[in-house]
Amino acid sequence: MVYKRKSFQTLRGMKDILPKDWLYYDYILSNTKKIFAFYGFQRIETPILEKAELFTKGIGKKTDIVNKEMYILRTKENKELLALRPEGTASVVRAYIEKGMFNLPQPVKFYYFGPFFRHEKPQAGRFRQFYQLGAEIIGEGSPATDVEMIIVSQVFLESLGFKQKNICLSLNSIGCSECRPVYIKELKKYYRKYIKQICDNCRRRIKENPLRVLDCKNEKCLFIKNGAPISLDYLCSECNSHFKDILELLDYLDVSYILDKTLVRGLDYYTRTVFEFFLGNEIKRIALAGGGRYDKLVKSLGGTYKPAVGVAFGVERLMDELVKKGKTLVLPKPKIFLVQIGDAAKKQSFKLLEQFRKENIFLGENLGKESLRAQLTAANNLEVDYVLILGQEEVLNGMIILKDMDSGLQELIPLEKIINEVKKRFKKQKSKSK
Ligand SMILES: [Zn+2]
Ligand SMILES: [Zn+2]
């Protein structure tokens, strides 16, 4: 019989998050917690699997995310259609309605951080399982809420190390259910004149998801796009004053922004304000975050009317840009290593390790190894400053050897004093390095 050895690989567009990568996720998450908590946001995590209908209804059937990119599966029992969540807002809104959070003092503010799934064409820096962090303010329609969302996003980006002068904010308003249909009619009318010139994508979009033609990056569509009617010209008076208030407040707060007349965002649920934070310039944008208002979503998912606004950040994108900027995070390494020789020493080592842990001193070890040489090699690889050596004789006498790796000097120290001795040396080292 011939055995064929089989090895497995991650699926296309999927990746392992290795320990050195996880440092960056952790860094981003800890900043999220710090900044968003200050503004009154609380963490929520929704399940990865939801009814597919939640997204078709919430995000829109004709959007690329739902139409082309959603992972759908069918349960064995009742053939129910489920989806791996492609984005966060619809699920958070589902939870808000399901758990009756409209009864809480409004607005309710959430943030989330977790994996999402889209079956996209794999390309550099894009994954089919990716992390997103997002925030939602549900139950408040005031322009001040939009501004708060923008400010907290900006502060968060700065907390990660992005410079304010490098982050651009672009803004637009796409109106409400009153004024948007009028605009879309005009947009369609305009594009119909160019139906032979525009790309296939635009031709499909103008029928199915007309606003998205404004997203087209195809060169032959550009000049057509540039001449297209803009939503700001069609806003009803409420939408207009809502947007004006936002701009005034941002001006007052010295937040600079670009009015981006073709910014529409890909999801159906947005109303009024849409915004994006990006690096680079208007021509070569690297989007860090996108968000906007979604006043109709709660109602369309079965709740009562609750205006809301949200934002989402692509975590891998943030990581890539942080690394490009020179942000380096390294795995923590012990500065001291415990070497044990013989059975009694091995047993004693387990106890010693616990004592060091309780004192918050990171002690390296390789308790599975027997030989002195193997353990010293491990210590050398870690480039530790000190090595503790515990042998048969030391255990018997209640002593331990402390070796200074710099000078090579060895000292015999009573076991019960070793923690204090190590602390003393670390302290000395610290004051010397200052
Ligand atoms: Zn309107
Ligand atoms: Zn196009």
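Two strands count as paired here if DSSP finds at least two bridges between them. Strands are DSSP runs of E with at least two residues, and helices are runs of H or I with at least four, both numbered from the N terminus. With that in hand, strand β7 (residues 168–173) pairs with β8 in the parallel sense over 2 bridges. The model is predicted, so to speak of local features pLDDT of at least 70 is needed, side-chain atom pairs count only at pLDDT 80 or more, and totals for chains, interfaces and linings use all residues. Residues are numbered from 1 along each chain as its sequence is written, while chains are lettered from A and ligands numbered from 1 in the order in which they are written.

**The sheet**

β7 and β8 belong to an open sheet of 8 strands with mixed pairing, in the order β1-β5-β6-β11-β10-β9-β7-β8. Its edge strands, each pairing on one side only, are β1 (42–43) and β8 (258–259).

**Helices**

Two residues are in contact if their C-beta atoms, placed from the backbone, lie within 7 Å. Axes are lines fitted to C-alpha atoms, for helices over the stretch in contact, with angles from 0 to 180 degrees between N-to-C directions. Here are two helix pairs side by side.

| Helix pair | Axes come within | Crossing angle |
|---|---|---|
| α1 (residues 19–38) and α11 | 10 Å | roughly 105° |
| α5 (residues 143–160) and α9 (residues 237–252) | 9 Å | roughly 45° |

Angles under 35 degrees count as roughly parallel, over 145 as roughly antiparallel, 65 to 115 as roughly perpendicular and the rest as oblique. That makes α1 roughly perpendicular to α11, and α5 oblique to α9.

On the α1 side, the contact with α11 uses Y24, Y25 and I28; α11 brings V315, L318, M319 and L322. These residues divide into 7 nonpolar, no polar and no charged, where Ala, Val, Leu, Ile, Met, Phe, Trp, Tyr, Cys and Pro count as nonpolar, Asp, Glu, Lys and Arg as charged, and the others, Gly among them, as polar. For α5 and α9, P143, A144, D146 and V147 meet H242, D245, I246, L249 and L250, giving 6 nonpolar, 1 polar and 2 charged residues.

**Domains**

By an automatic or database domain assignment, the chain is divided into domain 1 (19–179 + 235–324) and domain 2 (336–425). Their centres, taken over C-alpha atoms, are separated by 51 Å.
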